[in-house]
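Take a look at the chain below. This short report picks out a few features to find in it.

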Amino acid sequence: MTAGSAKTRAERYAVGLMSGTSVDGIDAAVIRIAGGESDRSAAQLVAFANTAYPPAVREAIFELFDPARATIDRVGRMNVRLGELYAEAALSVIAAAGLAPADIAVVGSHGQTIYHAPEPHIEDGRDLRFTVQIGEGAVIAARTGIPCVSDFRVADMAVGGQGAPLVPFTEYLLYRETERTLLLQNIGGIGNITVLPAGSGAEGVFAFDTGPGNMLIDGVVSLLTGGELKMDAGGAIAASGRVNEALLNRLKQEPYYAQPLPKSTGRERFGAAYAEELLAYKQKHGLSAKDLIATVTMLTAWSIGDAYRRFAAPLHAADVMLVGGGGSYNPTLIGWLKREMEPMGVQVLIQEDIGQSSDAKEAVAFALLADYAIARRPNNLPSVTGANRPVVLGKISY
């Protein structure tokens, strides 16, 4: 199918699969995509489901975040195992939608990121930046009988981009407005923001990772409870604590926050080692557990506000911030984020406030990205990732 004929394709269904840096499980969405000539895709969510990783699989994935433990045999085996789990998640959500696999045009699977190194790394005059997502697309295609698009990030990195964030392409398609400047803030393991200037074309969109989302909160809670708790459900622990200003001010000095755009980050910077340092600080300075959790929760809220002040507000004063991802279900975090943003004239809403789904948003995005890839249409935003040209993201397995 040519890029030109893609615009006239009939109404169709696509499945998106997403597993984020928090490693909570597999988000699976079925969407209906309208046909027609408009470049502004109309995507309707038909069904959504989250499937938790089996505990042994989740533990094994976390072990792969350590390069010393991510041996070739372990990565290869988990790549196939996740392909099987993703295929099962896809078939399950298709059935929940009342559809059959034959009704689905394409599956788009982000995969599980185990390493992301987007900064230029020059050896022998060659830039060897790289990223690794696992969850074999060929397995998904074989088990479902549906073409699968996977491994989206590498095509962007091959032309000089960061390979992230990728969701802003679909946010531009689905959320842009002519009169209001919108901020789309995702709070997953990592926080990322998309700026949609009022009335702007795609070239005016910019986006980047703001810093830790839930990653430090989850990491600290897990360490403090010996793994008994995986998260601060509803922000209850943070709400019972007090922010330690000395520690917060220290954490604000992290160089990433001032790093110029384009930029992206991940577990390599804000993962287990960072959480261990925070635990050591707590013990040395006598902080309570609830105060440490409150402080890292405030750090996430502050880092989002700081990102807006540094990089967005000087160019585009925003009207509304729409928050999605797991962090949108943490009332303490959202309350503190409102305290950051609303004095700057930015209303903070979560996806559910406008009738959308915070959980499904990224899975929907990868369904749309796959729909573009299967039609050979470019689906990156160079203004966001720093790529030197538009490219078609994703490897297709039939």
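## A loop residue

Where is the place of Val23? Val23 sits in the loop between strand 1 (12–19) and strand 2 (25–33). Keep in mind that this is a predicted model.

Is Val23 buried or exposed? Its relative accessibility is 0%, so Val23 counts as buried; the cut-off for buried is under 20%. Leaving aside neighbours within four places in sequence, Val23 contacts Tyr53, Arg58, Ile61, Phe62, Phe65, Gln112 and Arg267.

## The annotated site

An unreviewed UniProt entry carries the annotation "binding site" for Gly20, Thr21, Ser22, Val23, Asp24, Gly25, Ile26 and Asp27. From this set, Thr21 and Ser22 belong to the lining of the second largest pocket.

Asp27 is part of strand 2. Asp27 has a relative accessible area of 17%, so this residue is buried. Which residues does Asp27 touch, not counting those up to four places away in sequence? They are Gly16, Leu17, Met18, Phe48, Ala49, Asn50, Asp359 and Ala363.

## Helix 3

Now check a length. Helix 3 (residues 72–96) has 25 residues, and at 1.5 Å a residue it should span 36 Å. Its end C-alpha atoms are 36 Å apart, so the two values agree.

Which residues of helix 3 are buried? Among them are Val75, Met78, Asn79, Leu82, Leu85, Tyr86, Ala89, Ala90 and Val93. In an α-helix there are 3.6 residues a turn, so residues three or four places apart point the same way.

After helix 3 comes Gly98. Its phi is positive, near 75 degrees.

Key: Residues numbered from 1 in each chain as written. Predicted model: local features only at pLDDT ≥ 70, side-chain atom pairs only at ≥ 80, totals over all residues. Heavy atoms only, no water. Helix = DSSP H or I, 4+ residues; strand = E, 2+ residues; numbered from the N terminus. Expected span 1.5 Å × (residues − 1). Buried < 20%, exposed > 50% of the residue type's maximum accessible area, 1.4 Å probe, protein only. UniProt positions renumbered as here; feature names shortened; annotations may be inferred. 1 Å grid on protein atoms, 1.4 Å probe; cavity = no way out; pocket = protein on both sides within 12 Å on 5 of 7 lines; lining within 4 Å. Contact = heavy atoms within 4.5 Å.
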